[in-house]
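Q: I am new to this structure and would like to learn how to read it. Could you walk me through some of its features?

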Amino acid sequence: MASLSSQPSKKVRNNSGSGQTVKFARRTSSGRYVSLSRDDIELSGEFSGDYSNYTVHIPSTPDNQPMATKAEEQYVSNSLFTGGFNSITRAHLMDKVIDSDVTHPQMAGAKGSSCAMPACDGKVMKDERGKDIMPCECRFKICRDCFLDAQKETGLCPGCKEPYKVGDYDDDVPDFSNGALPLPAPGKGHNNNMSMMKRNQNGEFDHNRWLFETQGTYGYGNAYWPQDDMYGDDMDDGLRGGMVDSADKPWRPLSRRIPIPAAIISPYRLLIAVRLVVLCFFLAWRIRNPNEEAIWLWLMSVICEVWFGFSWILDQIPKLCPINRSTDLELLHDKFELPSPSNPTGRSDLPGVDLFVSTADPEKEPPLVTANTILSILAVDYPVEKVACYVSDDGGALLTFEAMAEAASFADLWVPFCRKHNIEPRNPESYFSLKIDPTKNKCRSDFVKDRRKMKREYDEFKVRINGLPDSIRRRSDAFNAREEMKALKHMRESGADPTEPVKVPKATWMADGTHWPGTWATPSREHSKSDHAGILQVMLKPPSSDPLMGTADDKIIEFSDTDIRLPMFVYMSREKRPGYEHNKKAGAMNALVRASAILSNGPFILNLDCDHYIFNCKAIREGMCFMMDRGGEDICYIQFPQRFEGIDPSDRYANNNTVFFDGNMRALDGVQGPVYVGTGCMFRRFALYGFDPPNPDKLLEKKESETEALTTSDFDPDLDVTQLPKRFGNSTLLAESIPIAEFQGRPLADHPAVKYGRPPGALRVPRDPLDATTVAEAVSVISCWYEDKTEWGDRVGWIYGSVTEDVVTGYRMHNRGWRSIYCITKRDSFRGSAPINLTDRLHQVLRWATGSVEIFFSRNNALLASKRLKFLQRLAYLNVGIYPFTSMFLILYCFLPALSLLSGQFIVRTLSISFLVYLLIITICLIGLAILEVKWSGIGLEEWWRNEQWWLISGTSSHLYAVVQGILKVIAGIEISFTLTSKSTGDENDDIYADLYIVKWTSLMIPPIVIAMVNIIAIVVAFIRTIYQTIPQWSKFIGGAFFSFWVLAHLYPFAKGLMGKRRKTPTIVFVWAGLIAITISLLWTAINPATAPAAAADGVGGGGGGGFQFP
């Protein structure tokens, strides 16, 4: 392990080694170019007319890069960085990351030649194709560390003893036989923002492509790029410069807002108004007409109905303005990636995107699931150099680390395969599980062969992933046994007491034979889930800025016409120490925000759960259509709907939640935007930093140029340079990245109406390569102490203090005036898994409801919101905090039919015409609203009914417990803890719905069971009693029985879940049922013991010899 204190700074290194060298050359009579030094050239009279003086700018091509930059980038990608509280940040150079072979040159631990220096086992540096880099013309193989030592000590090559070149590692006399040297265009200086990576198919620098990009000329007497005004006005404007510029095309928006047809939305709003009026009249009638015979029954029913009416208003009124949206992906490509005179090669001008994946426990979140999610991200259809993927392992497990390394290695084949054959979906597990013809819409003749090879490789990949736990255990046991032998040998040599036990820690070992700095299988001090160092590994270093085509002989599959680059991929496990509050998932997400700001600083962030993968490879482009459109500067996030796989066909427990995702969220999109639901959301990084949305008119008064980058104090007058550490921490690089992310996230200033944008072409500049100092800074910002005395979790990033940190985070943004967008795509953007087991589903809903109760009792209550939150949006957020409290009234109301049947009374004195008319109108309005909502939301009527059923099931179980837990937390300060929901890997040989039939007992099942049993018993008792009455009162029985059947119909999925598969019902269910039946029977006997005998004495059932007697 080596300290990073000796590493040079990034600025020093760039200033000293990366400047472009100015050289001179002349052409001889034979046509050969000869390099000259400044001392050899006399500009006056030296050259005759046969010779020309050239000032040649050698571009920074893959063959002409500063050696120090190459060495530093190689060092970063092969090192595991660790650090944290009161510890030095160290970089551990890893020649071996996983036991299997690594082939991709971007990945840590890739195969390479060994260093030729004596007693050095380092690996020779590699270029983008994985070929060895030799810094000297003698081709002496040397690793990064030995090269730096040689430069520092003598400056001589250890092989030939000749001095190394300073800055470049090419020969002093380049070979110009491939073509002429490109010069800058006439009247233009050298542009350092041009492409640095221009290769042809053979991997050589392509001077013609560089000429095409720079519009430079060859020199006197040679052809050069035609200027725009060369041919006068006769030439078509659109063809000047050789191609059409996108700026010359008519301006069009990237997205459109599509209103709901008036034939649907107008009756929908009318029915809402009618039902609201009728509901008010009905409640007024109920209050004015009490039932004196059962005043207690009447009072409870009226209280519940008033609350239900209030709850219905909170849920229904925000649905007044539903809308649909559409995007134009072709236009997005034309605006940002289409070749033009200003961008001949079509380099992308799209902003960067950082994708976050969070995981915490490899036992409950299988590494194979996470690995498939990562593979779908690495294969996303977005400019490779603009994508950076980060995985946060909050458990610090070596199993997750090596699984991610295996995924990065497998991506070497999977990602080019997806690009070559346009594969969808790009999650290999989901793709190979499709039940459709795989050759559909595939036009390449080698697809079947490639798919067969890839399927075999993926099967082997799964075997490696599933075998990692045993592999790590066996490896650790072997190394631990070796350490014990060493300790025993040392004890014998030192003369210690041999009877004393050998104290050797049971460590977990990495593939290179060193201790894993994270959590060990046998936890110990500084190596447990709550106590370990911060870990950061750049698994895949940033790719080159231009396509790198594969070759025909270097892969299992031929990728000669396919870009083989992979996006940047980083593994991160934040530091955890006892005594620090780590804030669960919200803390992990904030650590990702800080680390990514330093490493890649993508202006947009897309977060996904480990079991939610990219189902539509163009999903990011869909979201970018809104962010980059006119007026998109005040959009804080794009929320995509959650779609699930593995749900039973009947969707017994409403896991798809389509009423919420396709109804409520679509409606909020027409107000201020949907709420944030935790995954499948693309954020604007600047909005996460706690700033208000930009005010173009106010901001541009301070700046002369509308496209000039602003400082943090321009957005927040109270935030000057001295206040930055208080809000964001003491990282200078993090503070400097904020205005850059804001500038890069602006829409394109391609229209006069875009007052707040950036100039076209501003994001075509290649990103700087990573260095050790930058990565060390990223390690420091994920330490456990970094957030102390800052505003992280309070105003900045994900908000702390609630188990539903997602809703609170979105609420804070809306409260500052930002708006959000709901993006529903034709092909689902993301898909994930959901718990189909009844117990797991109840616990999931319990967690959500508890978070809502916490929101209600906190300062995040919508009642305390600012004026920037719109009224309908305020009602929606108010409903988020209030809906769990409906459970108290719902449970009481579900018992009312049974109490009515047992007591012989009803909630009204008689079933009058007024009561029945009100009830009929409300019911008709309910049916009409349901039908129209199904029409404009696109959901099915059965899905709507499933949602209603689950609302009652969860309202009588999870919501009630959530209210109790929330109140206990507020009053007694009892903290609430939840366990992760287990994710299934979906074994092909097992029933994919096996979890549906598993019945696991939980106390959450008690209230629904009691409600169901009480209503069933009440119906039986009331029916028998009514039959044996002298004058049967069927109206009261029918009224009570109708509402009891209404309750039981809603509880049907719950009862079916208790039955399990083949009626494998737990014994506890029958025990509870019997206990409840006996208790109710005894209670009835105790309350009215003389009712049945008296009825028999009065001759009920007489003539038949004996009447019915209830015990």
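Q: Among contacts in the protein with a separation of 6 or more, what share comes from residues 24 or more positions apart?

A: Welcome! Keep in mind that this is a predicted model. Residues 24 or more positions apart make up 78% of the contacts with a separation of 6 or more. The protein has 33 helices and 21 strands, and 54% of its 1111 residues count as buried.

Q: What does the side chain of Thr-373 have 2.6 Å from one of its polar atoms?

A: The backbone oxygen of Cys-610 lies at that distance. Thr-373 belongs to helix H8 (residues 367–378) and is buried, at 1% relative accessibility. Apart from neighbours within four places, Thr-373 is also in contact with Val-357, Asn-427, Asp-609, Asp-611, His-612 and Tyr-613.

Q: How many residues of helix H15 are buried?

A: To read the cover of a helix, go through its residues one by one. In H15 (residues 658–668), 10 of the 11 residues are buried. Among them are Phe-661, Asp-662, Met-665, Arg-666 and Leu-668.

Q: Which residues of helix H31 are buried, and where do they lie around the axis?

A: Here is the general idea: an α-helix has 3.6 residues a turn, so residues three or four places apart point the same way. In H31 (residues 1052–1059), the buried residues are Pro-1053, Phe-1054, Gly-1057 and Leu-1058. They are on the same side of H31, because they cover an arc of only 140° around its axis.

Q: How many salt bridges does the structure hold?

A: There are 49 salt bridges. To read one, find both partners and check where each sits. Arg-565 and Glu-385 form a salt bridge with an N to O distance of 3.3 Å. Arg-565 lies in the loop between strands S13 and S14, and Glu-385 in the loop between H8 and strand S10, so this pair ties together parts that are 180 residues apart in sequence. Both Arg-565 and Glu-385 are buried.

Q: Which residues form the nonpolar patch on the surface?

A: Leu-270, Val-274, Ile-913, Val-917 and Ile-921 form that patch, with about 430 Å² of accessible area together. Helices H5 (262–288) and H26 (913–937) each supply at least two of its residues, and H26 gives the most, with three. Val-274 is in H5 and is partly exposed, at 33% relative accessible area. As for the protein as a whole, its accessible surface is about 48900 Å², with 56% belonging to carbon and sulfur atoms.

Note on methods:
Residues are numbered from 1 along each chain as its sequence is written. This is a predicted model: local features need pLDDT of at least 70, side-chain atom pairs count only at pLDDT 80 or more; totals for chains, interfaces and linings use all residues. Side-chain values use heavy atoms; hydrogens and water are left out. Patches are made of residues with over 30% relative accessible area and no salt bridge: like charges are joined within 9 Å, nonpolar side chains (Val, Leu, Ile, Met, Phe, Trp, Tyr) within 5 Å. Accessible areas come from the Shrake-Rupley method with a 1.4 Å probe; for residues, only the protein chains shown count as cover. A salt bridge is a side-chain nitrogen of Lys or Arg within 4 Å of a carboxyl oxygen of Asp or Glu. Helices (H or I, at least four residues) and strands (E, at least two) are DSSP runs, numbered from the N terminus. Buried means under 20% relative accessible area, exposed over 50%, partly exposed in between (1.4 Å probe, protein chains only). A polar contact is a pair of N or O atoms within 3.5 Å; within protein, one must be able to donate a hydrogen and the other to accept it, and residues adjacent in sequence count only if both atoms are side-chain atoms. Contact means heavy atoms within 4.5 Å. The arc is that of the directions from the helix axis to the C-beta atoms.
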